[in-house]
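Hello,

Here is the structure I promised to pass on. Please open it alongside this note, and my findings follow below.

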Amino acid sequence: MLRGARIPPAFQSKSLDGYDAIHPGQVTALSACRDYVERFDEYAKAGRCLIIVGTCGAGKTHLACGIGNALLARRKTVLFCTVSELMDEFAATWRRDAQTTEREVVNSFSAADLLILDDVGVQNGSNQEQITLYRVIDARYRLRKPTVVSSNLDIDGTVKSLGARSFDRLREGGASMVLCNWLSYRGSNR
């Protein structure tokens with residue numbers, strides 16, 4: 001299941017218990033992520049999503065993968081993908097010799113109990129990218145399948161990057177928002 005989840009090797013051992021919560025904001029973020037795991041069955045029925053935004057290196061991907069790894073341990077299916085990887089998978093369908101259709105790609109991203117969509121905002125922000133993201137988010141929305149989204153952008157930037165229609169679908173069902181606005185873990189003393 002871990003291989004199928006596509007969680008990168010650097011994050012396969014990440015857990016919520018292993019998240020170093022020192023500052024009050026980190027404690028709040030960790031608590032929200034733990035709640036998401038504990039109440040996942042309830043949230044999944046409502047298609048309730050989780051949106052994690054904040055500064056570079058704040059541990060957003062660690063938190064998202066901690067959720068994913070905890071759900072994998074509960075035998076839930078999880079799929080991790082960066083927005084760049086998602087765009088690459090769609091672009092691959094446009095070649096003449098493509099082995100996969102766009103519909104098959106949408107279906108593959110819709111199948112997991114939880115999709116972790118990492119690094120929203122890295123893309124160029126083109127209309128085509130917003131349409132592509134919308135297709136995946138809307139397919140999951142229609143199936144009431146929750147998605148965890150992480151972004152280095154603030155909420156307004158995340159809305160702009162995803163597009164209002166996609167963001168609105170993520171919010172339905174009472175999406176939780178987690179703000180990670182502390183210094184980077186990478187090379188800092190926090």
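This is a predicted model: local features need pLDDT of at least 70, side-chain atom pairs count only at pLDDT 80 or more; totals for chains, interfaces and linings use all residues.

The buried residues in α8 are G157, T158, S161 and L162. They line one face of the helix, because down the axis of α8 they fall within an arc of 125°. The face turned away from that buried side has the exposed residues D156 and K160.

Both ends of α8 have a detail to look at. At its start, a side-chain oxygen of D154 comes to within 3.3 Å of the backbone nitrogen of D156. After α8 comes G163, with a positive phi near 100°.

S161 deserves a separate look. It is in helix α8, which covers residues 155–162. Is S161 buried or exposed? Its relative accessibility is 8%, so S161 counts as buried. A polar atom of the S161 side chain lies 3.4 Å from the backbone nitrogen of G121.

**Helix α2**

Next is α2, residues 24–38. How far apart should its ends be? At 1.5 Å a residue, the 15 residues of α2 should span 21 Å. The end C-alpha atoms are 21 Å apart, so the two values agree.

Buried in α2 are Q26, A29, L30, C33, Y36 and V37. Seen down the axis, these buried residues fall within an arc of 115°, so they line one face of α2. The face turned away from the buried side carries P24, T28 and E38, which are exposed.

R39 sits in the loop between α2 and α3. With 33% relative accessibility, R39 counts as partly exposed. Its side chain makes a polar contact with the side chain of E42, at 2.7 Å.

**Helix α6**

Helix α6 runs over residues 102–111, and its buried residues are V105, V106, F109 and S110. Why do they count as being on the same side of α6? They cover an arc of only 135° around the axis, which puts them there. The buried residues of α6 pack against β2 (78–82), α5 (83–92), β3 and α7 (127–143).

**The whole protein**

Now step back. The protein has nine helices and five strands. From the N terminus, the order of elements is α-α-α-β-α-β-α-α-β-α-β-α-α-β.

Along its principal axes, the C-alpha trace spans about 50 × 35 × 30 Å. For 190 residues, a compact globule would have a radius of gyration near 16 Å. The protein has 16 Å, so it agrees with that rule.

Buried residues make up 46% of the 190 residues. Of the contacts with a separation of 6 or more, 81% are between residues 24 or more positions apart. The accessible surface comes to about 9,500 Å², and 50% of it belongs to carbon and sulfur atoms.

Best wishes

Definitions and conventions: Residues are numbered from 1 along each chain as its sequence is written. Side-chain values use heavy atoms; hydrogens and water are left out. Helices (H or I, at least four residues) and strands (E, at least two) are DSSP runs, numbered from the N terminus. The expected span of a helix is 1.5 Å times one less than its number of residues. Buried means under 20% relative accessible area, exposed over 50%, partly exposed in between (1.4 Å probe, protein chains only). The arc is that of the directions from the helix axis to the C-beta atoms. The radius of gyration is taken over C-alpha atoms; the globule rule is 2.2 Å times the number of residues to the power 0.38. Contact means heavy atoms within 4.5 Å. Accessible areas come from the Shrake-Rupley method with a 1.4 Å probe; for residues, only the protein chains shown count as cover. A polar contact is a pair of N or O atoms within 3.5 Å; within protein, one must be able to donate a hydrogen and the other to accept it, and residues adjacent in sequence count only if both atoms are side-chain atoms.
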